[in-house]
Amino acid sequence: MRKRSGNGGAEVFRITGARQGLAEDVRGRQRRYVISMSIRTVSVILTAVLWDVERPVAIVTLILGALLPYVAVVIANAGRENVPTLPSTFVTAPLRPMISAAPSAAPAEPVAEDRR
């Protein structure tokens with residue numbers, strides 16, 4: 001971000017509407033994929049452990065383990081987000097009001113002094 005100062009023509013770059021970097025985007029998608037595949041691994045292990053003990057829970061973990069790879073791949077390959085409308089590149093600096101000259105002082109009215 002840089003600021004160019006001048007007489008009334010200051011331009012400030014806006015970075016709040018910038019997309020995240022490609023490396024950061026890939027790292028985030030990889031992280032989501034690894035987390036979802038870890039959940040799948042745990043669910044497959046739970047299916048094997050719970051099959052003779054708690055069959056309904058084992059069936060749920062089996063279904064989760066079967067569907068999670070598809071969901072993980074779809075999420076990982078979703079790609080970069082699309083920004084519907086990008087903000088303008090420049091933000092105009094607020095204008096400062098000019099300091100005007102002090103108003104001319106009217107002559108003071110004579111004040112009657114107390115005389116004793």
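Trainee: What makes Trp-51, Ile-59, Leu-62, Ile-63 and Leu-67 a nonpolar patch on the surface?
Mentor: Together these residues have about 460 Å² of accessible area, a value from the Shrake-Rupley method with a 1.4 Å probe. A patch takes residues with over 30% relative accessible area and no salt bridge, and nonpolar side chains are joined within 5 Å. This is a predicted model, in which local features need pLDDT of at least 70 and side-chain atom pairs count only at pLDDT 80 or more, while totals for chains, interfaces and linings use all residues. Residues are numbered from 1 along each chain, and side-chain values use heavy atoms, leaving out hydrogens and water.

Trainee: Why is Leu-67 called exposed?
Mentor: Exposed means over 50% relative accessible area, buried under 20%, and partly exposed in between; Leu-67 has 54%, so Leu-67 counts as exposed.

Trainee: Why is Ser-36 called buried?
Mentor: The relative accessible area of Ser-36 is 14%, and therefore Ser-36 is buried. Ser-36, which lies in helix 1, touches Leu-68 and Ala-72, not counting residues up to four places away in sequence, where contact means heavy atoms within 4.5 Å.

Trainee: What do the buried residues of helix 1 pack against?
Mentor: They pack against helix 2 (55-76), in which Leu-68 and Ala-72 are among the buried residues.

Trainee: How do you know that helix 2 bends, and where?
Mentor: The bend at a residue is the angle between axes fitted to the seven residues ending there and the seven starting there; at Leu-67 this angle is about 35 degrees, and Pro-69 follows within four residues.

Notes. Helix = DSSP H or I, 4+ residues; strand = E, 2+ residues; numbered from the N terminus. Patch = residues over 30% accessible without salt bridge, like charges linked within 9 Å, V, L, I, M, F, W, Y side chains within 5 Å. Salt bridge = Lys/Arg side-chain N within 4 Å of Asp/Glu carboxyl O. Buried < 20%, exposed > 50% of the residue type's maximum accessible area, 1.4 Å probe, protein only.
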